[in-house]
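Please look at the sequence and the model first.

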Amino acid sequence: MIFFVTGGSRGIGEAIVRQAACEGHDVAFTYLESEERARRVVQAARGSRPDARCEAYQLDVSSSAAVERVADRVLEDFGGVDVVVCNAGVNKNNLVVSMSDEEWDGVLRTNLTGAFYVCRQFLPTMLAQRFGRIVLVSSLGHAGVSGQANYCASKAGLHGLCATLAKEYGRKGITANLVVPGFFDTDMTRDGMSEANKAFWLQYCPAGRMGELQEVARTATFLAGEGASFINGQALAVNGGLDWAP
Ligand code: NAP
């Protein structure tokens with residue numbers, strides 16, 4: 001199958017790109033600024049499977065014109081797309097009382113509006129194929145985390161988007177599902193998660209640890225695979241048993 005993964009240059013997105021390539025899929029993925037890291041991801045994917053088709057594209061998902069341009073290029077380069085993984089995400093933490101318009105809008109535009117643009121852009125191709133798999137990367141934050149109103153609202157919005165996609169396109173051979181990660185060691189959590197929340201996680205997560213990136217990547221490829229053909233509009237948590245944070 002042909003995968004399109006947003007935010008594949010680092011963290012969870014990189015793991016999904018590498019997992020999909022390992023499993024024998026062709027992968028187009030995007031990065032925002034990390035061109036060099038994206039190049040290394042391409043090399044790693046090709047290293048794991050010499051005949052892997054893997055290409056990186058610069059894209060800001062918050063621009064609908066850019067999404068349109070890059071989607072057209074990917075479709076031309078790869079001849080189609082079967083699986084869309086909306087993974088690109090940012091956080092900008094603040095208490096609601098102090099949150100600026102920019103902090104609110106910036107996070108919503110990337111995490112939620114960007115996912116909408118990407119899904120909208122690839123749906124005509126999926127409809128024409130009468131096949132498509134959409135995987136949206138949410139967060140346990142969709143249920144609310146103190147200091148992350150913008151991030152949590154964007155992730156809760158993805159749940160509404162997913163449920164609607166499932167209903168609108170379920171009869172057309174297209175499924176839409178969410179992966180809901182708990183706590184994974186990436187740049188986002190290294191820079192943007194408080195020490196108190198990290199300590200909370202390690203104390204209360206029944207698994208007693210944070211997740212391995214491959215664990216969330218394998219869940220994403222599972223939702224795109226044959227074993228998930230009748231799973232539609234669902235949220236699959238990958239969190240070692242802890243689904244909330246203070
Ligand atoms: P990360 O390491 O910070 O990586 C973020 C990725 O998104 C990078 O590839 C980045 O590209 C890309 N990106 C950022 N803004 C973008 C934009 N406007 N347009 C296109 N791409 C953009 O984050 P992560 O931890 O892997 O998170 C990946 C996803 O998992 C996010 O949706 C996040 O909310 C979700 N998540 C993560 C955790 C966790 O524990 N890490 C938990 C729950 C949910 P550049 O490299 O070019 O900057």
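A residue counts as buried when its relative accessible area is under 20%, as exposed when that area is over 50%, and as partly exposed in between. The model described here is predicted. The count of salt bridges in it comes to 12.

**Pair in helix 1**
- Arginine 18 and glutamate 14 form a salt bridge, with 2.9 Å between the closest N and O atoms.
- Both residues belong to helix 1 (residues 11–22), where their spacing of 4 residues puts them about one helical turn apart.
- Glutamate 14 has a relative accessibility of 17%, so this residue counts as buried, given that buried means under 20%.
- Arginine 18, at 38% relative accessibility, is partly exposed.

**Pair in helix 2**
- A salt bridge links the side chains of glutamate 36 and arginine 39, at 3.2 Å from N to O.
- These two residues sit 3 residues apart in helix 2 (residues 35–48), which is about one turn of the helix.
- Arginine 39 is partly exposed at 44% relative accessibility, and glutamate 36 is partly exposed at 41%.

**Arginine 49 and aspartate 51**
- The side chains of arginine 49 and aspartate 51 meet in a salt bridge of 3.1 Å, N to O.
- Arginine 49 is buried, with 14% relative accessibility, whereas aspartate 51 is exposed, with a relative accessible area of 61%.

Terms used:
Residues numbered from 1 in each chain as written. Predicted model: local features only at pLDDT ≥ 70, side-chain atom pairs only at ≥ 80, totals over all residues. Heavy atoms only, no water. Salt bridge = Lys/Arg side-chain N within 4 Å of Asp/Glu carboxyl O. Buried < 20%, exposed > 50% of the residue type's maximum accessible area, 1.4 Å probe, protein only.
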